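Dear colleague,

Please find the structure below. I would be grateful if you would read the notes that follow it alongside the coordinates.

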Amino acid sequence: MRESFFRSMTWLHTWVGLLVCWLLFLIFFAGTASFFRHEISLWAQPATHHLPHYDSTQQNETVKKSIERFQDIAPNAESWRVEMPTERRPSLLLMYSEKPAEGERRGKRHSEYLDPVTLEALPEFRETRGGNFFYRLHFDLHYMNAITARWIVCFATLFMLIALISGVVIHKRIFKDLFQFRNGKGLRSWLDAHNVSSVVALPFHIMITYTGLVTLIFMLLPQPAEQRFEDTKTLRAERYPFLAATPETGQPLKSIALDTALDHYFTNSGDAPLRRIVISSPGDASATIKLYANAQRAVQDDPPSWMYSAASGELLKTHNVTLSGAENLYGGMIALHTGRLAEPLLRWLYFVAGLAGCAMIATGAVMWAKRLRQKLKGDDKPGVGLRLVESLNLGTIMGLPAATAMFFYANRLLPTELVGRADKEVLAFFVTWGVFTLAALFKSDRLAWLLSAKVNAIVWGLLPVVNMLTTDGNLVSYLINGQWVLFGFDVMAIGIAIGFLVQAKKLGNTKAAPATPRRQAKREVNA
Amino acid sequence: MPSRDNTNNKAILYRAEVLARFFIAIFGGYYVTVLASSLLALTLPTPRLDALLYALTTGIVFYAIVFIWVFGCRSFKKVFLGMIGLLCILYGTLTHFGGSL
Amino acid sequence: MEWLTFLLCLLAFMGFAVAKPNHYKEVFGTRPKGNITNQLTIASWLCLGGSLALALKTQGAYGSLEFIGYMTLAVLLLVAIFATKPSYFRSLFYLVIIGILLSTLYWIIF
């Protein structure tokens with residue numbers, strides 16, 4: 001269409017990128033935050049702050065106590081489920097669902113968070129979505145049907161993939177000026193920042209985009225599955241053999257052969273600690289025990305799992321213990337995307353790469369607007385399109401961090417007994433974002449950017465203070481008690497605040513220099 | 001003689017072509033992906049679940065290639081006819097092996 | 001171990017950086033002479049390969065993920081240096097060499 005392949009790829013890169021950049025920024029932003037999903041959840045739940053680091057040599061004990069508790073409180077449940085404490089989630093989660101009532105597909109579900117050692121309920125447990133909010137936000141969006149949202153996200157991600165590929169094609173000299181960042185040179189600097197943030201984490205960007213599509217692939221491409229599988233039920237049964245229901249016998253179960261099952265598990269699972277225990281129809285002789293291993297650093301998403309008869313303790317089935325090549329490929333891709341395997345060092349690397357992704361999208365969007373503005377001659381009025389892009393840029397790029405901070409404020413400041421508290425936190429997030437975007441529609445010049453940078457710096461900077469006033473911990477006590485996650489959270493907030501301060505200073509400096517917009521633009525061109 | 005009308009027409013034609021290319025790339029690309037990965041899922045000589053997983057994990061590559069081709073190819077006629085041809089061939093092969101959409 | 005992997009990776013990218021005439025001039029003040037550029041590039045690839053091999057040997061597939069992260073970190077660090085004070089490059093070079101020696105010693109001893 002254009003004169004050359006190179007030119008048409010440049011064109012494609014620009015437009016495909018611009019069309020979905022704000023949605024992509026939201027996805028990348030929320031996705032990057034969800035690398036610290038459990039850490040955010042921990043912060044959001046002060047009741048769990050003082051739980052000691054879980055000692056996994058205690059797990060046998062913990063499982064037994066949990067089962068005893070279930071036998072007390074829900075002997076006739078449909079199923080029991082124990083989520084074991086992990087490095088990242090110190091509390092013990094017990095869940096059970098009741099038998100479905102007449103005409104219902106699913107029974108009522110109950111869940112409780114407990115101290116893993118004493119098995120006492122945690123005091124003052126507040127209703128919050130914590131890190132799960134960001135996790136869900138990055139593929140389910142919010143206030144809309146989840147399936148529609150996922151299709152929208154898939155569409156944006158496909159465009160992202162195209163933008164990445166065309167970006168690589170047009171950046172002929174990818175390694176030539178790899179380390180080039182020319183500071184304070186107007187448009188040139190934005191281009192450099194865009195290139196640097198793309199290139200430094202290029203393997204990550206491509207990986208996360210591609211594997212992101214793979215996580216939703218069964219929805220995106222349902223047809224291949226229909227070729228050799230009769231229906232989705234057969235497919236599910238083959239993918240998750242544990243789901244096949246064992247018919248109930250009607251005979252009561254005398255005792256659960258938990259010890260036999262655990263013994264077998266610990267001799268056969270290597271050193272992997274338990275991650276989850278599920279006991280189905282625990283009152284019936286047909287009951288089964290399913291033990292799921294914590295796959296730890298293995299590049300595998302579905303945990304290796306073992307299923308035993310609860311009556312005899314004999315092994316019935318295993319799943320994901322040995323994987324075929326295809327399962328390795330698929331599971332490996334999902335594992336790479338979710339990063340559940342990552343231990344702190346790698347988690348931070350993931351986070352840095354995610355931030356680079358956010359920066360890549362943000363600088364790309366800003367650059368588009370700057371370039372168009374520079375082309376304006378004399379007293380030309382900027383068109384509606386340019387104005388809209390500028391507003392959305394400001395509203396999204398500066399609004400989302402502020403909205404995130406407000407989400408955290410809501411978590412600390414809303415009364416714990418408030419009804420629908422979790423939704424109100426989410427509301428605080430969206431209201432803040434909405435306010436930023438609306439304000440940006442009126443004004444999106446340098447002054448507005450400066451103001452939003454200052455607002456962001458203030459809200460992030462005050463977050464540790466509010467945390468100190470509303471909980472019994474603070475930066476110093478975290479340091480002394482070695483509560484590194486909470487310490488990291490506060491340091492992070494301060495770091496973000498400093499980042500915005502630096503930005504505000506830069507924006508303020510350029511403004512202080514007496515230059516009319518035109519002269520300034522000219523200077524940028526010359527530079 | 002390059003009159004104003006002429007350039008206007010050209011601009012409209014250009015926009016129409018861009019829209020058409022987007023349409024072809026998005027939907028054509030999607031159906032090429034669907035057909036190609038269905039074909040893989042159907043014909044790979046592995047157990048059916050493995051074949052499916054291989055097909056799904058590699059499927060998106062087709063989409064990317066087709067999308068880039070639609071915008072990289074200079075002649076619109078080539079893109080249009082090529083896409084129709086590709087879809088026909090893939091659909092024919094799929095039905096030949098007993099698959100369906 | 002992680003340190004050695006990262007430092008080797010950083011050293012490799014430092015080599016790539018000064019293999020570019022522009023950056024070479026920023027650091028050393030002169031244009032690169034002869035085929036030093038080629039030699040630097042080859043040495044850097046060797047370092048990078050060593051870093052990847054080390055990551056794979058000690059951590060397997062997980063190590064390759066860390067390795068990718070290290071590349072990101074290394075380039076970010078170098079970009080920051082070239083954007084602010086290219087003269088720090090030399091100091092960084094000595095630090096990296098010392099770091100590599102120390103972490104190798106640590107590796108051999110323990």
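The notes below cover the conventions, two chain contacts and one residue.

This is a predicted model, in which local features need pLDDT of at least 70 and side-chain atom pairs count only at pLDDT 80 or more, while totals for chains, interfaces and linings use all residues. Residues are numbered from 1 along each chain as its sequence is written, chains are lettered from A and ligands numbered from 1 in the order in which they are written, and side-chain values use heavy atoms, with hydrogens and water left out.

Chains A and B

Between chain A and chain B, 43 residues of chain A are in contact with 41 residues of chain B (contact means heavy atoms within 4.5 Å). The buried area is about 3800 Å², 72% of it from carbon and sulfur atoms; buried area is the accessible area (1.4 Å probe) that two parts lose on being put together, summed over both. There are two salt bridges between these chains (a side-chain nitrogen of Lys or Arg within 4 Å of a carboxyl oxygen of Asp or Glu). One of them joins A:Glu230 to B:Arg48, with the closest N and O atoms 3.6 Å apart. Helix 5 of chain A gives the largest share of the side of chain A that touches chain B, namely eight residues (helices are DSSP runs of H or I, at least four residues, numbered from the N terminus).

Chains A and C

Here the contact takes 21 residues from chain A and 23 residues from chain C. About 2000 Å² is buried between chain A and chain C, 77% of it on carbon and sulfur atoms. The count of salt bridges between them is zero, and three residue pairs, both at pLDDT 80 or more, are in polar contact. On the side of chain A that touches chain C, helix 6 (187–200) and helix 13 (344–375) of chain A each give two or more residues.

A:Ser197

A:Ser197 lies in helix 6 of chain A. This residue counts as buried because its relative accessibility is 7% (buried means under 20% relative accessible area, 1.4 Å probe, protein chains only). Its side chain reaches the backbone oxygen of A:Ala193 at 2.8 Å and that of A:His194 at 3.2 Å.

With kind regards

Terms used. A polar contact is a pair of N or O atoms within 3.5 Å; within protein, one must be able to donate a hydrogen and the other to accept it, and residues adjacent in sequence count only if both atoms are side-chain atoms. Buried means under 20% relative accessible area, exposed over 50%, partly exposed in between (1.4 Å probe, protein chains only).
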